[in-house]
Amino acid sequence: MAQSRRRRPASRPASGGRRPAPPRPAEPGPVLELDVERIAHGGVAVAHHEGRVVFVADAIPGERVAAQVVDAGRERFWRAETVEVLRASPDRREHVWPEASVDRAPEHRVGGAEFGHIAMPRQRALKGEVLHDALARMGGVEVEVVVEPVDPAVAPGVDVEAGTRWRTRVRLHVAADGTVGPYAARSHTVVPVTSLPLAVAELEAIAPLGRTLEGAVAVDLIAPSDGDPQAVVRSPDDRRTARTAAPTVVERVGNRRFTVDRDGFWQVHRGAAATLTAAVQDLVDPDRFDPAAENHDLYGGVGLLAAAVGDRFGPSVRVTTVEADARATEHAGANLADWIGARAVTARVDRYLDELAAAPDDAGRGLRGATVVLDPPRSGAGRAVVDRLAALHPAQVVYVACDPVALARDVGLFRAHGYELEAVRAFDLFPNTHHVEAVARLAAIV
Ligand SMILES: C[S@@+](CC[C@H](N)C(=O)[O-])C[C@H]1O[C@@H](n2cnc3c(N)ncnc32)[C@H](O)[C@@H]1O
C-alpha cells in the first residue's frame, strides 16, 4: 500500500518549457486531515474543511488523507495535495509510475497519470460518475454510463489490465539546464524519470531519458502504427517547417491506412482510432441515415470518422469533412479517395455552417435528413456551433467528446433546440488519467 511522508519544503529543480510555471505558494500551506467524499471533474476529489470545499489531488473517495493546502486564494474553495494516506481505499494500489507516486513530495510527482494509484475498475467507475453528474447537472439528462475498456484485439502491445503502454504520442520537456522529462503535476517543473509506462514500448525505448539536451525545449515522441517510432527534438527557434513540406506518418485502422502530418492530430491511444470507428458506426442510427443527404464529419481531421461512416454505409455515401487545418484536409481528401461521395473542405466549422445556411442547396433543405459526426477539440462545439448546426436541422448528431463537461453543456444546448440524447457510450482511451472519451447520439425529436 502506498503511503507517503509529510511534505517537506524542498528546493525545486529548474523550471523548463516555454511558459512560466504556475505559482506555488512561497510558504507551504497548512496540512489538513480530510475525509474524501466524491470525485470531481478534472481528476481531483472533493472534501470539506470547516464548511469550505477542498479539492484534493491524489486521493480516492472514501479515503481519509492528510493533504497540504496549495491554493487558499479563493473564498469558496481551496486546493490541496495528498501527502499521507491515513485510511486507504481498498482500490488504492501501487502507482503504475513510481515517479508519480504519493510517496514522493508533490512538487516532484510527474503529471499525466493522476489516476495511476487507483485500481482500473474503480478508475472507470469514477469516470462514469463524472460523466453521469455532468450530464445530469448541465445536460439535464439522467443516464448511467459504463466506461468500457479498450478491446485488446484492437490495441496490440497495450496492457489493458494495467492501463499502460497505450500512448503513441508523448511530449517531454527540457529544462533550462538540459534536464529532460515530463512536467510535474500542476506545474511546469521538469521531472527527470527513468520510465514512461503509459507510452508504447517502442517510444520508451527511444526516449532520451537520463540525458541532457542543452538548447532544446522539448522532445516529441511519435509512434505511428505503420512505420518506425520517431523522436523529434524541438529548439526554441524551431519554427514549423513550411507546412507544405511537413513530414507525414501512416496510421492503420483495420485494413485502412490514413496519412497524417507527423505533427498533426491523431488519436493518441494505440486502440483509439479503431474504438471510435466502431463506436461511431454503432451509434449512427441506420433508420435515420440517408446516404444521399448532406452528411458531415465536422472537425474531421484527416477523415477518420468520415471513413467510419463510409465503411458502414457504402462507397456511394455522401459525406463532407470540415477541418480548419489545410494540411489535414489535404490528407482527408486523399484518405477518403475510395468514396465517390466524399468531399474534404478546409474551414472553421462555425463559418462553414454560416455559409451553408446562406447558400440554398439544390433541394433547399440545409442539413435536413443528414447525419453529422461532431468531434471538436476539448473545449467542445459550444453555443456558436450548436446554435448554427441545430438551425440546419440534421436528423442526428453523433458527438465524439473528450471532455464530459463540454459534452454535457452542448447536450443541454442541443436539447433546447429540440434534440434528445438517445444513447451514449464511453471508452477508457486515457487509462491512468482522469480523461475519458464519450460518444453520444442526439436525434431531432418530431
Ligand atoms: C479532436 S480532433 C478530431 C479529428 C478527427 N475527427 C479524428 O478523430 O482524427 C479535432 C479537430 O478539429 C480541428 N479544429 C479545431 N478547431 C476547429 C474549428 N474551429 N473548425 C474546424 N476544425 C477545427 C483540429 O484541427 C482537429 O483536427
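Mentor: Let's start with a rule for sheets: two strands count as paired when DSSP finds at least two bridges between them. Keep in mind, too, that this is a predicted model.

Trainee: Okay, how many bridges join S10 to S11?

Mentor: There are 5, and strand S10 (residues 218–222) runs antiparallel to S11. To see one on screen, go to Asp220, which stands opposite Val232 in S11.

Trainee: What order do the strands take in that open sheet of 4?

Mentor: Read across, it goes S9-S8-S10-S11, and the pairing is antiparallel. Strand S9 (180–181) and strand S11 (230–234) are the edges; each has a single partner strand, so one side of each has no neighbour in the sheet.

Trainee: What is the order in the open sheet of 8 strands?

Mentor: That one reads S7-S19-S20-S18-S17-S14-S15-S16, with mixed pairing. Its edges are strand S7 (147–148) and strand S16 (342–346), each with a single partner strand, so again one side of each is left without a neighbour in the sheet. S7 is joined to strand S19 (residues 419–427) by 2 bridges, and the two run parallel. The bridge partner of Val147 in S19 is Ala426.

Trainee: And which way do S1 and S5 pair?

Mentor: Strand S1 (residues 31–35) and strand S5 (residues 64–71) are antiparallel, over 5 bridges. Leu32 has Ala67 in S5 as its bridge partner. S5 is also joined to strand S6 (residues 77–87), by 7 bridges and in antiparallel fashion. There, Ala66 has Glu84 in S6 as its bridge partner. The link from S5 to S6 is a hairpin of 5 residues.

Trainee: Let's move to the ligand. How many residues surround it?

Mentor: 17 residues do, and the closest are Tyr299, Gly301, Ala324, Val349 and Asp375. Helix H4 (304–313) and strand S15 (319–323) are the elements that give two or more residues to that shell. Sorted by class, the shell has 10 nonpolar, 3 polar and 4 charged residues.

Trainee: Where does UniProt place the feature "binding site"?

Mentor: The unreviewed entry puts it at Gln267, Tyr299, Glu323 and Asp375. Handle such a record with care, as annotations may be inferred rather than shown by experiment. Two of those names, Tyr299 and Asp375, are also on the list of residues closest to the ligand.

Trainee: Is Asp375 buried or exposed?

Mentor: Here you need a cut-off: a residue is buried if 20 or more other C-beta atoms lie within 10 Å of its own. Asp375 has 24, so it is buried. Asp375 lies in the loop between strand S17 (371–374) and helix H7 (382–391). Leaving out residues up to four places away in sequence, Asp375 touches Tyr299, Leu305 and Val400.

Trainee: Is Gln267 buried or exposed?

Mentor: Buried, because 23 other C-beta atoms lie within 10 Å of Gln267. Gln267 is in the loop between strand S13 (256–261) and helix H3 (272–283). Again not counting residues up to four places away in sequence, Gln267 touches Ala272, Ala273 and Leu276.

Trainee: Which residue carries the UniProt feature "active site"?

Mentor: The unreviewed entry names Cys402. You'll find Cys402 in the loop between strand S18 (396–401) and helix H8 (404–416). Cys402 has 20 other C-beta atoms within 10 Å, so it counts as buried. With residues up to four places away in sequence set aside, Cys402 touches Arg378, His435 and Glu437.

Trainee: Back to H4. How many of its 10 residues are buried?

Mentor: 8 are, so H4 is largely enclosed by the rest of the structure. The buried residues are Leu304, Leu305, Ala306, Ala307, Ala308, Val309, Gly310 and Phe313. Look just after H4 as well: Gly314 takes a positive phi of about 110 degrees.

Trainee: Last one: into which domains is the chain divided?

Mentor: There are domain 1 (123–155 + 254–258 + 265–444) and domain 2 (169–237). Their C-alpha centres lie 31 Å apart. To read the boundary, go by contacts: 4 residues of domain 1 are in contact with 4 residues of domain 2. On the domain 1 side, the touching residues split into 1 nonpolar, 1 polar and 2 charged.

Definitions and conventions: Residues are numbered from 1 along each chain as its sequence is written. This is a predicted model: local features need pLDDT of at least 70, side-chain atom pairs count only at pLDDT 80 or more; totals for chains, interfaces and linings use all residues. A residue is near a molecule or strand if its C-beta atom, placed from the backbone, lies within 6 Å of it. Ala, Val, Leu, Ile, Met, Phe, Trp, Tyr, Cys and Pro count as nonpolar, Asp, Glu, Lys and Arg as charged, and the others, Gly among them, as polar. Domain bounds come from an automatic or database domain assignment. Two residues are in contact if their C-beta atoms, placed from the backbone, lie within 7 Å. A residue is buried if 20 or more other C-beta atoms lie within 10 Å of its own, exposed if 12 or fewer, and partly exposed in between; C-beta atoms are placed from the backbone.
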